[in-house]
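Please examine the sequence and the structure shown here before reading on.

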Amino acid sequence: MSDPVRLYGSGFHDDPAALYRTMRDEHGPVVPVLLEADVPAWLVIGYRELHHVLSTPDVFARSPRRWNAWDRVPDDWPLLPVLAPLPNLLSAEGAEHRRRATAVNDALHGADPYELRTVTTRLADRLIDGFCTDSAADLRTQYAQRLPSLLLCWMYGLDDEKGEAITTDMSTVFDAGPESVAAHGRIAAEFTRLVADRRAAPGPDVVSRMIAHPADYTDGDLVAELVAILGGAHQTTAEWIGNALRLMLTDDRFAASLSGARSSVREALVEVLWEDSPSQMNAGRFAAHDVELGGRVVRKGDLLVLGFAAANRDPWLRAGEGGAVAGRAASGHGANHAHLSFSHGEHGCPYAARGLAETMAVTAVEVLLDRLPDLELAIPAEEVRWRPSPWIRGVTALPVTFTPSTPQGVI
Ligand code: HEM
């Protein structure tokens, strides 16, 4: 039996597909892995096995309180922010989770799709106004990383100035540097004020809808939920936009779309969900009792890391025999949504959130191509670097050049 695979250090950013291939050859669909500080876990990379895990929450449960390895975790463990149990829907199970997930889904669904598209366009135009008079920009930091959080803040009912401040703090939190705890504190303080304001004077926004929901949130729980929703949206959607722009700027198949063929914007976005999904892995699920999975004996309390990107590349999906989910290779990516990039099952990305993410991503790319039609990558394609994270896939920067233009004066 091969040694466990270290899920930290170098290797993931350059060619995760090759790493997943090696893991599959050496270990099969369920891989023994070591997280930072050599804390053990299982990485589920088989499509069928991952689908089973996500569909069986009674056995593969969500709450980190079930974990049997807490005694091995150092106080300064870098994965604590993703594994520590929090009072939000991410850690909740059963009826408590259904109560929260219904409220979140209903509150997000309550937004008018036409208005969302209009506001996303306005925010995208405003970001482009910030750099269109120059002839160069970094589309990651100046555009893709800002738009999702700005839209969520608008949906929460915050004004643009507060939205900008929260968006900057959100990026600081995700950079996980020394400033991140203070930035998290400022976000929570702003949302605490917001909840108090909306209790006193409700408006047509997500926060007011959640306050009014029969889920009956306390103020503290609601603040934690608002942070979780914004956290779910911010980096995943930003990397989705960034990775799609990278694909369109580097791959000849999408060259026509840069001069206006809109159909391929959606194709690029779907292709990214298969090939360079923002959600590479997620921690995870915890075995409720001893159980067999993919030929392994998983013990009660073991952590299972969800290998979404690896499962999307499972050769079984391409096999075309009986099992193949939807003939991915034969049909191209097209409208094939069998990938697991939004996860699946009761803890999967809420349907209202997926729709919202798609509105943001499509609008972000289309508005950019309309405004800067001669956009070009400023460096050779092979010099675009991936961030060194096994969890989230995104580029470190996306430097582009274009012909300067006049701002539209969007406020
Ligand atoms: C507006 C944008 C988004 C919002 C508001 C959002 C929100 C959320 C929330 C609240 C959850 C927790 C669901 C639960 O535990 O019940 C979640 C889960 C998830 N989201 Fe999203 N999300 C967004 C975009 C995305 C994007 C673009 C991706 C990736 C392509 C993504 C991937 C995921 C995954 C993989 C999970 C599930 C993790 C698991 O199964 O444990 N999300 N999202």
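## Basis of the model

The model is predicted; local features need pLDDT of at least 70, side-chain atom pairs count only at pLDDT 80 or more, and totals for chains, interfaces and linings use all residues. Residues are numbered from 1 along each chain as its sequence is written, and side-chain values use heavy atoms, with hydrogens and water left out.

## The shell around the ligand

The ligand is surrounded by 28 residues, a residue being counted if one of its heavy atoms lies within 4 Å. His97, Arg285, Ser343, His347 and Cys349 are the closest. By class, the shell holds 15 nonpolar, 10 polar and 3 charged residues; Ala, Val, Leu, Ile, Met, Phe, Trp, Tyr, Cys and Pro count as nonpolar, Asp, Glu, Lys and Arg as charged, and the others, Gly among them, as polar.

Helix H11 (219-250), strand E6 (282-287) and helix H17 (351-371) each contribute at least two shell residues, and H11 gives the most, with 6 residues. Helices (H or I, at least four residues) and strands (E, at least two) are DSSP runs, numbered from the N terminus. Domain 1 (1-85 + 280-335) and domain 2 (86-275 + 341-411) each provide at least three residues of the shell; these bounds come from an automatic or database domain assignment.

## Polar atoms and the iron

An N or O atom in the side chain of His97 is 2.6 Å from an oxygen atom of the ligand. For His347, a polar side-chain atom lies 2.8 Å from a ligand oxygen atom. Gly232 instead places a backbone N or O atom 3.5 Å from a nitrogen atom of the ligand.

The iron atom of the ligand has Cys349 (SG) as its only protein donor, at 2.4 Å. Donors are N, O and S atoms within 2.8 Å of the metal (3.2 Å for Na, K and Ca); water is not among the atoms, so sites may look incomplete. Cys349 lies in the loop between helix H16 (328-331) and H17.

Helix H7 (residues 147-156) is mostly covered, with 9 of its 10 residues buried. Gly157 follows H7 and has a positive phi, near 95°.

How values were computed
A polar contact is a pair of N or O atoms within 3.5 Å; within protein, one must be able to donate a hydrogen and the other to accept it, and residues adjacent in sequence count only if both atoms are side-chain atoms. Buried means under 20% relative accessible area, exposed over 50%, partly exposed in between (1.4 Å probe, protein chains only).
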